[in-house]
Amino acid sequence: MAGGNERSMKALKEVWRRAENSLCADCGKPDPDWASSTLGVFICLSCSGIHRNIPSISKVKSLKMDHWDDAQVQFLAKHGNAVTKATYEAHIPIYYYQPTYNDCQVLREQWIRAKYERKEFTEPGKQLPYSDGVKEGILWKRGRDNGQFLPRKFLLSEREGCLKYFTKQDAKEPKINVKIDVINATFQPVKIGNPNGLQITYLKDNKTRNIFVYHESGKEVVDWFNAIRSVQFHYLKVAFPIASDNEIKNRLTRNFLKEGYMEKTGPKQREAFKKRWFTLDHRRLMYFKDPLDAFAKGEVFVGSRENGYSVQKGLPSGTQGNFSWHYGLTIVTPDREYLFTCETETDQLDWIAAFTSVINQAMTPQEYASKCLDPISFLS
């Protein structure tokens with residue numbers, strides 16, 4: 001018996017060490033130490049918890065702590081991540097967002113359920129709930145002034161190239177009508193206070209407008225998210241006919257590079273520092289009094305190093321404004337310096353890394369045009 005166990009463990013380790021199995025099959029996290037004995041995939045602890053919620057499809061076991069018999073090990077050896085992915089991920093639409101281990105629970109859970117439970121990607125040309133070019137339904141939207149979430153009808157149309165929402169079910173005219181090419185969508189469960197919270201942003205007069213929504217169903221809110229990406233993809237295919245699919249895919253919805261609280265001072269650099277919520281959305285640094293504000297109180301464009309932008313640790317010598325946080329950083333632009341303080345050194349270093357990643361990227365012609373159209377700066 002002991003010899004059989006040793007043989008099984010040795011065979012299990014050999015399969016586990018294959019390069020294809022070195023990343024979680026579902027989120028890409030390195031060194032997965034769980035596996036599904038019914039699907040044949042190697043997965044991380046977090047994804048194993050999602051698999052455990054669909055026991056009719058997947059039965060998971062620890063590769064380190066649980067016993068694996070010969071038949072189970074042989075099943076893993078016959079399958080593994082590469083073979084299983086070839087079946088369950090055979091026909092993923094290019095616009096479909098494939099989450100990583102850094103993404104929120106609802107995205108990862110619906111990705112796993114889409115693959116193994118609903119088998120959305122096993123057949124070519126399968127009709128999917130986010131691929132029709134039109135989507136209509138109710139989302140709970142946060143009121144701009146009262147902060148109350150109320151049901152609102154939303155309509156997404158590829159033919160019209162826009163997203164609309166209506167304050168009443170039978171309303172003829174929408175409250176907003178936003179062109180699809182200026183929309184971004186990103187999941188914000190913590191900020192919104194709902195596991196299915198989605199932040200939709202769009203440009204209005206070259207300023208960013210935020211809408212916060214959620215749906216009780218995780219599947220429905222993720223379908224909305226991928227429907228927006230689908231409509232954007234097809235719109236951009238027409239707008240940029242010579243661009244490759246991957247180039248267009250990279251222009252779809254994006255996560256913010258960083259968000260969090262910092263303190264800021266005004267342009268004279270003698271005013272008291274005020275605590276504000278900051279969002280870095282690629283080259284737009286926005287600040288808000290409250291994380292759920294509809295509009296930013298101010299925005300600043302963050303350009304490239306070759307155009308005179310840089311980030312420096314600490315504040316300039318002789319800074320006079322009063323501040324309660326002592327981990328400073330300075331954004332240098334061709335026009336002025338922007339001063340911030342962070343609560344901890346970790347926050348300071350994370351913000352510096354985020355700014356550096358943007359500043360080290362060359363600016364695109366579109367980014368030059370955006371800056372020339374609106375030389376944005378802090379308003380107050």
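What follows is a dialogue on labels and the values behind them.

Tutor: This is a predicted model: local features need pLDDT of at least 70, side-chain atom pairs count only at pLDDT 80 or more, and totals for chains, interfaces and linings use all residues. Residues are numbered from 1 along each chain as its sequence is written, and side-chain values use heavy atoms, with hydrogens and water left out.

Student: How do you know what confidence the predictor gives the protein?

Tutor: From pLDDT, the predictor's confidence in each residue, from 0 to 100. The protein averages 91. A score of at least 70 is reached by 95% of the residues.

Student: Which elements have the lowest and the highest mean pLDDT?

Tutor: Helix H10 (residues 365-373) has the lowest, at 62. H5 has the highest, at 98. Over residues 372-380 the pLDDT is below 50. That stretch still has 24 contacts in the model beyond near neighbours in sequence. A contact means heavy atoms within 4.5 Å. Where pLDDT is low, the predicted coordinates should not be read in detail.

Student: Why is Asp 281 called buried?

Tutor: Buried means under 20% relative accessible area, exposed over 50%, partly exposed in between (1.4 Å probe, protein chains only). Asp 281 has 6%, so it counts as buried. Asp 281 is found in strand S12 (residues 274-281). Not counting residues up to four places away in sequence, Asp 281 touches Asn 184, Arg 254, Phe 256 and Met 286. Across the protein, buried residues make up 49% of the 380 residues.

Student: Is Thr 356 buried or partly exposed?

Tutor: Thr 356 has 22% relative accessibility, so it counts as partly exposed. Thr 356 lies in helix H9 (residues 345-359). Leaving aside neighbours within four places in sequence, Thr 356 is in contact with Arg 305 and Val 311. The C-alpha atoms of Thr 356 and Arg 283 are separated by 11 Å, although 73 residues apart along the chain.

Student: What makes Asp 31 exposed?

Tutor: Asp 31 has 65% relative accessibility, so it counts as exposed. Asp 31 is found in the loop between helix H1 (2-16) and strand S1 (34-36). Asp 31 has a positive phi of about 60° although it is not a glycine.

Student: Where is Lys 119, and what is its phi?

Tutor: Lys 119 is found in the loop between H5 and strand S4 (134-142). Its phi is positive, about 50°, although Lys 119 is not a glycine. At 40% relative accessibility, Lys 119 counts as partly exposed.

Student: How do you know which side of H4 the buried residues are on?

Tutor: In helix H4 (residues 80-88), Gly 80, Asn 81, Thr 84 and Tyr 88 are buried. They cover an arc of only 115° around the axis, which puts them on the same side of H4. The arc is that of the directions from the helix axis to the C-beta atoms. An α-helix has 3.6 residues a turn, so residues three or four places apart point the same way. The buried residues of H4 pack against strand S2 (42-43), helix H3 (70-78) and helix H5 (105-117).

Student: Why are H5 and H7 called roughly perpendicular?

Tutor: H5 and helix H7 (residues 218-239) pack at an angle of about 90°, with their axes 10 Å apart. Axes are lines fitted to C-alpha atoms, for helices over the stretch in contact, and angles run from 0 to 180 degrees between N-to-C directions. Under 35 degrees counts as roughly parallel, over 145 as roughly antiparallel, 65 to 115 as roughly perpendicular and the rest as oblique. H5 and H7 are therefore roughly perpendicular to each other.

Student: Which residues meet there?

Tutor: Val 106, Leu 107 and Gln 110 in H5 meet Gly 218, Lys 219, Val 221, Val 222 and Phe 225 in H7.

Terms used
Helix = DSSP H or I, 4+ residues; strand = E, 2+ residues; numbered from the N terminus.
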